[in-house]
Amino acid sequence: MATISKLSTAAPPSSFSSSSVRPRLVQPRCFIDLQKASDFSSKVAGSRLSVQGHRPSKGSLVVKCSQSSGNGSAAKKTVLHDLYEREGQSPWYDNLCRPVTDLLPLIESGVRGVTSNPAIFQKAISSSNAYNDQFRELVQSGKDIETAYWELVVKDIQDACKLFEPIYDQTDGGDGYVSVEVSPRLADDTNGTVEAAKWLHKVVNRPNVYIKIPATAPCIPSIKQVIQKGISVNVTLIFSLARYEAVIDSYLDGLEASGLDDLSRVTSVASFFVSRVDTTIDKMLEKIGTPEALHLRGKAAVAQAALAYQLYQKKFSGPRWEALLKKGAKKQRLLWASTSVKNPAYLDTLYVAPLIGPDTVSTMPDQALQAFIDHGTVSRTIDSNVSEAEGIYNALEKLGVDWSYVGNQLEVEGVDSFKKSFDSLLDTLQEKGNSLRMQSFDCNDMGLKWLVFAPRESQGLIESPRHRFIRTSAQFSHYRTPLPSEENSGLRLEVGKGGIVRREVLMSSIALLSGGFMIDPRQKEAFAEEFADMPALRGKDYGKTKMKYPDYTETESGLQYKDLRVGNGSTPKAGELVMIDWDGYTIGYYGRIFEARNKTKGGSFEGNEKDFFKFRIGSEEVIPAFEEAVVGMAPGGIRRIIVPPELGYPGNDFNRKGPRPTTFSGQRALDFVLRNQGLIDKTLLFDIELLKIIQK
């Protein structure tokens, strides 16, 4: 057993700047056939279970390649290929959104499966227009909102399953899975979970789909019943060793009760959550405050995970397992979930590198995946120092950490978070559905100088908690109708595929989503206050003239801004650290969103300050326009800025200065515009919310 004195210090002082260790984000194309400008590798210093702050390399973030011998030719591989081929661990991607074909470069770089959850779909559907056409058709066909939601989800899962089917076939059902979770509202409903799992399995109708079931006490019996039906399961939200053992027993019980002679097509993974354990226990240790306690920060999660692997090896051996193995049963692999680092002071591969071992899966969100591709090291680490893991686990117990309490608390938080994401998304879809059902409007009620119309192919009406705007497509004409006058009093318009078709008729719902909307006269003032036009979306001569907007203030540099909400208190000064949340739009080109505010970033749960972007005033860490805007804000304020190319990303490269998109799809959308050599207008729009000023 390791003693406390042998454990290295995990966390640096609390004043350590989070911005200085935030991993660099990668451009989408980095995943395939690119060369590293400079080789950088990072290993966990000291013991396998220690943690240290880490600054990623400053060179281009590209795939680290290894060479495989054979036939005299060298084939390029990433560390993800090495992870599977050398150590038997499957790298999966913890994200899913449209277009699903964005997964193809990840598959080429070695990703072998995908996990999803309600938080992931909430972010994908609420911040993207890619779902609008299907949702419109579902609403028009009379589907209720929750049914429409599931049809959106099922299509994504089916499409992703198709992409991973070759891996599933090549491994004879051992890999290449895509996971979809039952409704989080069923976390306390044993029978409801079973019926939902059976329904999802039937409607997805793909051999390589995993139905996710939470490891709550009421759902442990559900796991057995679903496995018994021959349905493959991803058991999620496991936070403790005791609950993990119950999950294994339920899987084995289900296999034994199935009555099947061939068990080879019934598989399962057990999703053991990692980083959230440290988040909770670190807070406990900081409250204790002794040197012994502080030495253990950042070590609890990996230590418990190492012991979970020992439990896995024990349970999947012996007479009981041997009897099932004769019928073709496959082990329920351990899947490491919640692998993104929540504390920026910790090594960015902390929850990946120390957990490498055979018959396991590591599912990684964007940040963790890109960090490991850039500087991860492949070697078996999961059982390299079991005695130290036991020592850490026991030492934490002696300090008063109740592992059962921690597991139960995190389980409650996890279920609650997924419920909130699920309910929030249904609310968003309900609002979109309501807008589709609006059928007419009266120009006398608008009180606006211009209404912008576009044909059906445009991006439609987009809403956010604080503002509403119309997106129009650059490929079609933008129709405008002037402020009503005596001549056109009471005018009603129909908007069809070609624009304004005729007067004094009712609009169809399909035309309304294309560009029209109805306002009740009693809501006119509220609407006028909520409506915040995005002026760069109006028709313009792309990239040839600079547009000026009278309702925006223009600074000497050429930045245009207006305050959507004025904050309170002092403004930030040079050297101070600011914490912000932000939206980003390529408004010069289709108004595509590349970063969404008020969404989770790098994790499944919400509510932690570490998820927000931070930078130091005067450090030149961000583009000039961004810093200029923030300097004039007070906490709580929201400022909208229009950024011309000369004040934007230097060299059209978002990796050189922040803010950088936090998702692969966002990086892809921004990179397309910045690096396009055509006449694309590279004007950007940001909504910036200043959350906090952190003193020097």
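Start by selecting R565 and E689: the two form a salt bridge, with their closest N and O atoms 3.2 Å apart. Colour the strands while you're there. R565 sits in β18 (residues 560-565) and E689 in β23 (residues 684-694), so this contact ties together parts 124 residues apart in sequence. Keep in mind that you're looking at a predicted model.

R565 has 35% relative accessibility, so it counts as partly exposed.

Next, select D175 and R333. Here the closest N and O atoms of the salt bridge are 3.5 Å apart. This pair also links distant parts of the chain: D175 is in the loop between α5 and β5, R333 is in strand β9 (residues 333-337), and 158 residues separate them. Buried or exposed, these two? Both D175 and R333 are buried.

Salt bridges with shared partners join R112, D175 and R333 into one network.

For the next stop, pick R185 and E146, a salt bridge whose closest N and O atoms lie 3.4 Å apart. R185 is in the loop between β5 (178-181) and α6 (190-204), while E146 belongs to helix α5 (residues 145-170); the two are 39 residues apart and link distant parts of the chain. Check the surface again: R185, at 42% relative accessibility, is partly exposed, and E146, at 29%, is partly exposed too.

Notes: Residues numbered from 1 in each chain as written. Predicted model: local features only at pLDDT ≥ 70, side-chain atom pairs only at ≥ 80, totals over all residues. Heavy atoms only, no water. Salt bridge = Lys/Arg side-chain N within 4 Å of Asp/Glu carboxyl O. Helix = DSSP H or I, 4+ residues; strand = E, 2+ residues; numbered from the N terminus. Buried < 20%, exposed > 50% of the residue type's maximum accessible area, 1.4 Å probe, protein only.
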